[in-house]
Amino acid sequence: MPVAARAAHKPSLAPPLCVWLVCLSSTAALKPALAPPLQPTGGPHGLPLLPSGESLVLDAPGWTRGIGTGGRVWPASAALCRYLARTGAVRGKSILELGCGTGATGLTCAAALNASSVILTEGGSEGLLQLARRNVDANQRHLHCDVSVQRHGWGEPVEWAPELVVGSDVTYDRDAHDRLCATLKALKAPALLAHQHRRVASFLSGESQLDHFLAAAASVGLAVDRLHEDATNPLAPVSILSVAAPR
């Protein structure tokens with residue numbers, strides 16, 4: 001039989017185009033929707049832009065309206081968001097943010113870093129809790145997962161089992177280190193924290209805030225590593241810390 005004839009009689013191994021299209025559509029339906037990569041830093045408060053090129057809508061009044069220090073988006077939050085975006089540490093995980101304040105870090109996890117869920121926790125004033133809830137509501141169209149705001153004071157019993165804990169600038173107050181470490185231990189999840197170095201405060205106290213936190217963590221069996229140094233502001237660099245609870 002001529003070669004051309006044999007080729008004509010050979011059965012086709014490729015399925016029809018319509019079969020491929022059905023398979024592709026089924027696969028796409030099973031895959032969760034993922035946000036595109038974060039845009040470079042350029043948004044308000046030093047936070048990265050969202051995949052759409054927009055910014056989070058954040059009410060951050062600072063110390064006014066009786067809200068206190070949690071009403072400001074501190075540089076540690078932007079540094080932590082940059083680190084999380086670069087490493088993909090949040091992708092597909094349930095996230096709990098400690099000391100959320102405005103909610104900037106947790107909202108970035110939900111809006112651009114593909115978290116599966118986010119719980120924002122705060123132990124400050126009722127005004128600060130309401131501020132976080134307003135910021136969640138203001139960013140609903142950007143969010144790719146469920147986000148809730150819960151009251152939690154460090155050292156109190158925990159009722160959540162997140163896959164990753166995040167926190168920015170939660171280590172500045174040495175008087176709260178023991179309570180913070182108690183919560184980190186109780187949550188039993190790995191944590192990524194951003195610590196902003198404050199030279200003047202450390203000088204006045206005679207001991208760096210970070211060294212004090214490391215001692216408090218070690219006393220309850222938490223293992224802390226310094227993963228990254230963000231020197232965007234060389235006068236107030238930020239250390240990214242990993243915290244592992246004892247097994």
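If we set aside its neighbours within four places in sequence, Leu84 is in contact with Ala89, Val90, Thr105, Cys109, Leu113, Val166 and Leu192. Please keep in mind throughout that this is a predicted model.

Cys109 and Leu84 are 25 residues apart in sequence, and from C-alpha to C-alpha they are 8.2 Å apart in space. Is Cys109 buried or exposed? With a relative accessible area of 0%, Cys109 is buried. Again leaving aside neighbours within four places in sequence, its contacts are Leu84, Val90, Ile95, Asn114, Ala115 and Val118.

Several of these names come back when we turn to the largest nonpolar core. That core has 39 residues, and the ones that touch the most other members are Leu84, Val90, Ile95, Cys109, Val118 and Val147. At least two residues of this core come from each of α3 (75–87), α4, β2, α5 (126–138), β3, β4, β5 and β7. Which of these elements gives the most to this core? It is α3, with seven residues. Apart from this core lies another one, of 23 residues, including Ile119, Val170, Leu184 and Leu210.

Let me now come to helix α4 itself. Nine of the nine residues of α4 are buried, so the helix is largely enclosed by the rest of the structure. The buried residues run from Ala104, Thr105 and Gly106 through Leu107, Thr108 and Cys109 to Ala110, Ala111 and Ala112, and they pack against α3, β1, β2, α5, β3 and β4.

After α4 comes Asn114, whose phi is positive, near 65°, although Asn114 is not a glycine. Asn114 sits in the loop between α4 and β2 and, at 10% relative accessibility, counts as buried, because the limit for that word is under 20%. A second residue of this kind is Asp169, which is not a glycine and has a positive phi near 60°. Asp169 is found in the loop between β4 and α6 (177–187), and at 7% relative accessibility Asp169 also counts as buried.

Next, the sheet. How many strands does the open sheet have, and in what order do they lie? There are seven strands, in the order β3-β2-β1-β4-β5-β7-β6, and the pairing is mixed. The edge strands are β3 (146–151) and β6 (223–230), each of which pairs on one side only, and from one strand to the next the twist averages 20°. As a reminder, strands of a sheet pair through backbone hydrogen bonds, either parallel or antiparallel. Strand β2 (residues 117–122) and β3 run parallel and are joined by six bridges, and in this pair Ile119 stands opposite Ser148 in β3.

Helix α4 (residues 104–112) packs on this sheet, where it touches β1 (94–97), β2, β3 and β4 (164–168), and its direction makes about 175° with that of β2. Helix α8 (residues 209–219) also packs on the sheet, touching β5 (191–196), β6 and β7 (238–244), with its direction at about 155° to that of β6.

In α8, the buried residues are Gln209, Leu210, Phe213, Ala216 and Ala217. Seen down the axis of α8, these buried residues fall within an arc of 125°, so they line one face of the helix. The face turned away from that buried side carries Ala218 and Ser219, which are exposed. α8 is followed by Gly221, with a positive phi near 85°.

I will finish with the chain as a whole. The chain holds eight helices and seven strands, and buried residues make up 46% of its 247 residues. If we take the contacts in the chain with a separation of 6 or more, 68% of them are between residues 24 or more positions apart. The accessible surface of the chain comes to about 12,700 Å², and carbon and sulfur atoms account for 59% of that surface.

To return to where we began, Leu84 and Cys109 are in contact, and both are listed with the core residues that touch the most other members.

Methods
Residues numbered from 1 in each chain as written. Predicted model: local features only at pLDDT ≥ 70, side-chain atom pairs only at ≥ 80, totals over all residues. Heavy atoms only, no water. Pairing = 2+ DSSP bridges. Helix = DSSP H or I, 4+ residues; strand = E, 2+ residues; numbered from the N terminus. Axes fitted to C-alpha atoms, helices over the stretch in contact; angles between N-to-C directions. Contact = heavy atoms within 4.5 Å. Buried < 20%, exposed > 50% of the residue type's maximum accessible area, 1.4 Å probe, protein only. Arc of directions from axis to C-beta. Areas by Shrake-Rupley, 256 points an atom, 1.4 Å probe, with all protein chains shown as cover. Core = buried A, V, L, I, M, F, W, Y, C linked by side-chain atoms within 4.5 Å.
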